[in-house]
Amino acid sequence: METFARTFPDGFLWGAATASYQIEGAHDEDGRSPSIWDTFSRTPGKVLGGDTGDVACDHYHRVPEDVAIMTSLGLDAYRFSVAWPRIVPGGTGAVNQAGVDFYSRLVDTLLGAGIRPVVTLYHWDLPQVLDERGGWLNRDSAQWYTAYTEAVVAALGDRVVNWTTFNEPWCSSLLSYAIGAHAPGHHDAAESLVAAHHLMLAHGTAVPVIREHSPGAEVSITLNPTQVWGPEDGDDRDADAVRRADNAVNGIFFGPLFHGAYPDGLLDDTAGLTDHAYIHDGDLATMSVPLDNLGVNNYFPTRVRAAREGEEGSPMPGCEGVVETAPRPPLTDMGWEQSPESHRLIIERSARESGLPIYVTENGSAWPDTVSDDGHVHDPDRVAYLQSHLGAVADAIEGGTDVRGYFAWSLLDNFEWAFGYAKRFGIVHVDYDTQVRTVKDSGLEYARIIAANRSGDEG
Ligand code: FCB
């Protein structure tokens, strides 16, 4: 194994990330109501193997053990998400104290261990009752979300400083409403534009409420910006395909959040789908509320070209004439291209677009891990991915980009959405039959890198 010897600035935050539905289990305990993912995972054909998050990593019952693992790795910070259906089971209205108490105990356990809680308010588990009222297609969703946020921040805002409004709104809109791969599984490009708009509206409406209830809060959103590449020998049509895909993946959020407008071309390119009446006066000003930092989740680049005669284009809005081309090997177990270069490029661009300090809030890779006879999990591919992508982060910092921290995805193997338990991203292995956790070689390597940088900090 190559030794990784890059150094990071003093105070660089070393973390790991998870999300509520992916790890908690306890799907019907202490007043939790079903989320759109409970419904989706029970719909035949939507999730590989018919897997659900009913039990997952049983984290709901294993907080002390899981925080002890974080301590053993030397983590500075833990990024987790709060499940709306535990806090406000009716979607709107009464707050469920048992749900609040769970996260309050988690926060106290983390703080007691010297680990900073980094809290995401929405990582895709919308209460099912709200989907029945239109979900993110209903403009009232901004108010529903803000009231839920107020309940969480009022309870935890005395102890939590780091707040993230949304995780990857691209997934909650385009992937969920246009591509149909995530809950609620619609196939309507126009709907995905509406959902994206209402998610940004909810973000903009909630940020001042977070600041009001959490003095000194550092408020953020996590996007999944992605480097879009066209063919090296592409023509003008290919360049237009890159522009359209970039708008549908990156500009659709960078624009409203940081430039007060949708990106050039997006509204024209989608004029055949909608009259954009969902955009009201003042919305863009609400969405571009000042933030303290930007979270970047990034795993792979994407490659596109112009569709040829008769070829079916992308379901993303404005991308009817765009086709995705094959990723370049070596691929991860997800079939994702590994490109530290694209990781660096997208971090640098995110900093330029936002003018904000960047945290890499997710990065990692899936591999078909097993526990060996020696009791260890040898995952050299994940170790190599971790090293090369941390190298890209170090390169970005040396090039002058303000990157403040890195969160490995994921602390634990977990419910990987449409892939169920078939894909393992953890730096800690989970045996789903016994719930035994085993730190993988990648987790040990991450701990070594953290320790090496920490002694550097002190020396
Ligand atoms: C991201 C999600 C996260 C996990 C990783 C692999 O898109 O935010 O929950 O599924 O991908």
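In what order do the 3 strands of the open sheet lie? They follow the order β6-β8-β9, and their pairing is mixed. Keep in mind that this is a predicted model. Here is a friendly tour of that sheet and of some aromatic pairs.

**The open sheet**
- β6 (228–229) and β9 (322–324) are the edge strands, each with a single partner, so one side of each has no neighbour in the sheet.
- Strand β8 (residues 302–306) runs antiparallel to β9, and 3 bridges join the two.
- Across from Val-304 stands Glu-324 in β9.
- Helix α10 (residues 236–259) packs on the sheet and touches β6, β8 and β9, with its direction at about 135° to that of β8.

- The model holds 33 aromatic pairs.
- In one of them, the ring centres of Tyr-21 and Phe-415 are 5.3 Å apart and the planes stand at 90°, so the pair is edge-to-face.
- Tyr-21 belongs to helix α1 (residues 20–23) and Phe-415 to the loop between β11 (403–409) and β12 (428–430), so the pair ties together parts 394 residues apart in sequence.
- Tyr-21 counts as buried at 3% relative accessibility, and Phe-415 is buried at 0%.
- Both belong to one aromatic cluster, whose members also include Trp-37, Phe-40 and Trp-124.

**A stacked pair**
- Phe-80 and Tyr-103 have ring centres 6.4 Å apart and planes at 0°, so this pair is stacked.
- Phe-80 sits in strand β2 (residues 77–81) and Tyr-103 in helix α5 (residues 97–112), so the pair links parts 23 residues apart in sequence.
- Phe-80 is buried at 2% relative accessibility, and Tyr-103 is buried at 1%.

Note on methods
Residues are numbered from 1 along each chain as its sequence is written. This is a predicted model: local features need pLDDT of at least 70, side-chain atom pairs count only at pLDDT 80 or more; totals for chains, interfaces and linings use all residues. Side-chain values use heavy atoms; hydrogens and water are left out. Two strands pair if DSSP finds at least two bridges between them. Helices (H or I, at least four residues) and strands (E, at least two) are DSSP runs, numbered from the N terminus. Contact means heavy atoms within 4.5 Å. Axes are lines fitted to C-alpha atoms, for helices over the stretch in contact, and angles run from 0 to 180 degrees between N-to-C directions. Rings of Phe, Tyr and Trp (its six-membered ring) pair if their centres lie within 6.5 Å; planes under 30 degrees apart count as stacked, over 60 as edge-to-face and the rest as tilted. Buried means under 20% relative accessible area, exposed over 50%, partly exposed in between (1.4 Å probe, protein chains only).
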